[in-house]
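Dear colleague,

I am handing over the structure below, together with an account of what was found in it.

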Amino acid sequence: MDACHRKQASKKLQEVFEKYCVPVLEKKLCVIVFCETQDHARAVSKIISRIQFDNRPVNAQYLGSDINSNEIKEILEGFANGEIDVICTPSMLSEGYDNKRIGAVVLNSAIVESKTRYVQRIGRGLRPRKGKTECIVVD
């Protein structure tokens, strides 16, 4: 992707995030963004981290299989307790992860491995929580 297309994609991501995900953060919920690759997830986390929310930058973190288990544990704890607003990942957390604070799932990937994986990723945001009445899915 050339520089012009990257800039346009970055701007579109910011617009979509501000429209659909910032309202989720305002409800004290969090967002998970599924990306195509580790490099894509890192880049998306940097873009989202430039967005302002509540007089501070959004705390978006990359989560991938290339980071050590202690750091993964710290990121997941921060995500569960509200210190981290957004996790960007290529495939981690697609299944077997339960966090009732997830209020939006962003499927920022042209690759859909299977219908099962697609449904599992959406399911990350469908865990019931007191006061949570909806989950935003952006595809």
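Does Asn55 count as buried or exposed? With a relative accessibility of 81%, Asn55 counts as exposed, where exposed stands for over 50% relative accessible area, buried for under 20% and partly exposed for what lies in between, using a 1.4 Å probe and protein chains only.

Before going further, two remarks on the basis of these notes. The model is predicted, so that local features need pLDDT of at least 70 and side-chain atom pairs count only at pLDDT 80 or more, while totals for chains, interfaces and linings use all residues. Residues are numbered from 1 along each chain as its sequence is written, and side-chain values use heavy atoms, with hydrogens and water left out.

**The chain as a whole**

The chain has four helices and seven strands, taken as DSSP runs (H or I of at least four residues for helices, E of at least two for strands) and numbered from the N terminus. Starting at the N terminus, the order of elements is α-β-α-β-β-β-α-β-β-α-β. The radius of gyration is 14 Å, close to the 14 Å that the globule rule gives for 139 residues, so the chain is as compact as a globular protein of that length; the radius is taken over C-alpha atoms, and the rule is 2.2 Å times the number of residues to the power 0.38. The C-alpha trace spans about 45 × 35 × 30 Å along its principal axes, and buried residues account for 42% of the 139 residues. Of the contacts between residues at least 6 apart in sequence, 70% join residues at least 24 apart, a contact being heavy atoms within 4.5 Å.

**Helices α1 and α2**

Two packed helices are described by the angle between their axes and the distance between the axes. Helix α1 (residues 3–26) packs on helix α2 (residues 38–49) at an angle of about 60°, and their axes are 10 Å apart; axes here are lines fitted to C-alpha atoms, for helices over the stretch in contact, and angles run from 0 to 180 degrees between N-to-C directions. The two helices are therefore oblique to each other, since angles under 35 degrees count as roughly parallel, over 145 as roughly antiparallel, 65 to 115 as roughly perpendicular and the rest as oblique. In this contact Ser10, Leu13, Gln14 and Phe17 of α1 meet Val44, Ile47 and Ile48 of α2. By class, the residues of this contact are five nonpolar, two polar and no charged, with Ala, Val, Leu, Ile, Met, Phe, Trp, Tyr, Cys and Pro counted as nonpolar, Asp, Glu, Lys and Arg as charged, and the others, Gly among them, as polar.

**Individual residues in the interior**

Val33 lies in strand β1 and counts as buried at 1% relative accessibility. Leaving out residues up to four places away in sequence, Val33 touches Val44, Ile48, Val86, Ile87, Cys88, Thr89, Val106 and Asn108. Val33 and Cys88 are 55 residues apart in sequence, with their C-alpha atoms 4.6 Å apart in space.

Val24, placed in helix α1, is also buried, its relative accessible area being 6%. Beyond its neighbours within four places in sequence, Val24 is in contact with Leu29, Cys30, Val31, Gly103, Ala104 and Ile136.

In helix α4 (residues 115–123) the buried residues are Arg121, Ile122 and Gly123, and the buried residues of α4 pack against β1 (30–35), β6 (102–108) and β7 (136–138).

Ile67, in the loop between β4 (60–62) and α3 (69–81), is buried with a relative accessible area of 16% and touches Tyr62, Ile72 and Ile75, residues up to four places away in sequence not being counted.

**Two residues with positive phi**

Asn55 belongs to the loop between β2 (52–53) and β3 (56–57), and its phi is near 60°, a positive value in a residue other than glycine. Leu93, in the loop between β5 (86–89) and β6, has a phi near 75°, likewise positive in a residue other than glycine. Whereas Asn55 counts as exposed, Leu93 counts as buried at 10% relative accessibility.
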